[in-house]
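Here is a predicted model to work through by question and answer.

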Amino acid sequence: MIKSVQELVARQQAARENFYSKKVRLGVGVGTCGLANGSREVLDSIRDEAAKQGLGYAVRGTGCVGFCQAEPMVDVLVPGLPRVFYHDMTPEKGRDLVKGLAQREFHPEWALMRLGADCLLVETERRLVGELNGLAKVPTIEEVPFYRRQLRIALRNCGFIDPEDINEYLATGGYTALAKVLTTMPPEEIIDGIEKSGLRGRGGGGFPTGKKWRSCREAHGSPKYVLCNGDEGDPGAFMDRSVMESNPHAVLEGMTIGAYAIGSDRGYLYVRLEYPLAVENLALAIRQAEQEGLLGKNILGTDFSFTVRLSRGAGAFVCGESTALMASIEGFPGEPRAKHIHTAEKGVFGKPTTLNNVETWANVPVIINKGWPWFAAIGSEKSKGTKVFSIVGKVKKTGLVEVPMGMALREIIFDIGGGIAGDRKFKAVQTGGPSGGCLPESQLDLPVDFDRLTEAGSMMGSGGMIVMDDRTCMVEVARYFTNFLQKESCGKCTACREGVRRMYELLERITRGQGTLADVDLLQEVCEYVRDNSICGLGKSAPNPTLSTLVHFRDEYRAHVVDHKCPAGVCPALTTFVIDKDTCIACGKCRKSCPVECIRGAKKVKHEIDQSKCIKCGSCREVCPVDAVATA
Amino acid sequence: MPATDMETFDFSKVDAVIEKYNTEKSWLIMILQDTQTAYNWLPQPVLERVAERLALPLSHVYNVATFYASFSLKERGRHLIRVCDGTACHLRRSTWLLDEVRRELGISEGEMTADRMFTLETVACLGACALAPVMTIDAKCFPRMTPEKVKNVLTAPRQGKEVGVKETEPARKEIKADKPKASGARTKLAPKKRRRTGGK
């Protein structure tokens, strides 16, 4: 039990010495992406080999460092040397790496990057210099395009520490902010600092966090509640998952500081059911923090107490909406209510409540430690700080990136993301999840922040960024999102329940080749109605994907209803695939990939698709090395 | 569906869950989740028991159980297969993956195979988007799935073995050997609509 600030400092010091001790320290990324790629076997193999060789290495699992496609990732910290990250590791390579390390053989050919200092641990800067021993060939993190432009505040520690061991969080200076707040900062000063920092809600709403805390502090009623929204439901977004899995204490520390500021003694962490590892790691972090006296009763020996309980979602996207989330915590269906009375005054159980997103909470300790002017100097005029984005889809490098607000879409997609996969043509980027819209190439120079994308008809939202190429049908994308939303609608208000369903039916007709121009006009009308008449954010923003595609890609709608063709070659009813005989090199790849075996051909015999059997799946087009498959 | 006779039904599991949550009404959702884990689905007697013990109207418990997508009021197979249809997976053609799983198992979403081995569901997003398209069997996550890998991935559970992550090599050889039989006979790759006429 840590009962004072002095004890905390001593513990942090001890933890840091242990972390950077004379032992070689290896970490294997065992976040969800890592595990899906087989990192558990890599961890076991490294652990076994180190034990077999009697090497006394510290081997443990770490979280996710954000470069998901390169998993399983392993990082090695040899005393006195730069930290090195290895990518695409296997159990065999893991074994060889351990054997090699004993001989100071670093296998630079497997390395992704090296760090001169643990500069990504925002609270701690520690230089690690020394003989490079063959590591000179490994690029530094400043030279790796995926990481070069990033500033990892919310993602600090992710992939660097073992989330199952509170001591590693302490080693990075964790809980210093909480100690500072409890002993030297009155609540008014904390709220003032958060307001001046310009921190806005990272879940997508962008509401000023300081203002939210202030209204909750001033509200009447007791007890007050502090909630964390871990119901990251946007398909394509997994930023919060990464923080909850890889650095759970950052969220707890942030919530505790918030609770102190608004005068709350209890709270809930609401995590969606589809994130079992996040639930596990948070549960463990809560237990460990309570054992150490950093959560629960009499924190750090003061008379401030704050208890947090975990609540799981049950598979409803709408529960990401604040009032629906609160209803869910109370044991009700997640039906939002109109917010004439703000949740800061009457929220969960009818009491004053502060609800913030995972990423918002993760930023709080850093703002306290570094001071609000440091934070306010990052980002754009009205959007301060950084934002975590998940870049997925048809882009070369997929994963999580955290950059200062105000960076252009183009830079994120092309400089960091590496451009379009297969060097195909960029068509659109979908931002903000199902509440957002699709932006075409002409909008690529827009800076990404809370306000600029909204002006263009999309929104930054929670940070999901889905890149699409010329083989994506924008009408089908609209249909897809609308289908998702009509299933997830809670059903309470007519506009959303009936309207989004009608939108989906119209889009379904259009993609099946049964639509008309009148349908497109009707679609526009229904969209506007739903937008203007829904109670909550789900309904209000449900038309965004459709409206943005009607604005920027109207010619595709015309092609579907007038020409009865799908230009991208996606909608089966409006697509015919034909192999161009002049381009075909008879390699046979298409024939082998066809799930219904409808391609005739042989070596040196041009291939041909049997249209009567073709199911228009597009596999042949995907695998053809010479782009011989075209839409007729 | 097996008989769920109130007299012989084993309520010990649901009673234990309710005790764990101190019989508090607000934990209804977590109670239903843990109960579903214990019974693999939510049979009607269990819902009635929860309502009775928590002093809630059955209609309220039913409301919650039918609102949230993760609850199943129909019996579920021993293994739960979920195909992700989140945006990233959708763009990487999860629809075709789902079609292949349907074909291979002979069932649609929300249904259970006749031998009670598998239940198929789609899920909106599992958060592993960089590895799209993704499919899970129970707790195991299979990245970068393709229709060709489906059969292999199902081999272990079909043989009563533990689900592994190594079985992601495409079963190309088997499909090649599976040449279309003489006309009149249906092959495994027959168009979906033929199955619909025979099935549920």
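Q: In what order do the elements of chain B run from the N terminus on?
A: Chain B of this predicted model has nine helices and four strands. Read from the N terminus on, these elements run α-α-α-α-β-α-α-β-β-β-α-α-α.

Q: What is the division into nonpolar, polar and charged residues on the side of chain B that touches chain A?
A: The contact takes 46 residues from chain A and 37 residues from chain B. Helix H2 (28-39), helix H4 (58-67), helix H5 (87-91) and helix H6 (94-105) of chain B each supply at least two residues of the side that touches chain A. The residues on that side of chain B divide into three charged, eight polar and 26 nonpolar.

Q: Which strands of chain A stand at the edges of the open sheet, and why is one side of each left without a neighbour?
A: Five strands of chain A form this open sheet with mixed pairing, in the order S2-S1-S3-S4-S5. Each of the strands at the edges has a single partner strand, so one side is left without a neighbour in the sheet. The strands in question are S2 (58-62) and S5 (111-115) of chain A.

Q: Which residue in S2(A) does Val28(A) stand opposite?
A: Strands of a sheet pair through backbone hydrogen bonds, either parallel or antiparallel. Strand S1 (residues 25-29) of chain A and S2(A) run parallel and are joined by five bridges. In S2(A), the residue opposite Val28(A) is Gly61(A).

Note on methods:
Residues numbered from 1 in each chain as written. Chains lettered and ligands numbered in written order. Predicted model: local features only at pLDDT ≥ 70, side-chain atom pairs only at ≥ 80, totals over all residues. Contact = placed C-beta atoms within 7 Å. Nonpolar A, V, L, I, M, F, W, Y, C, P; charged D, E, K, R; others polar. Pairing = 2+ DSSP bridges.
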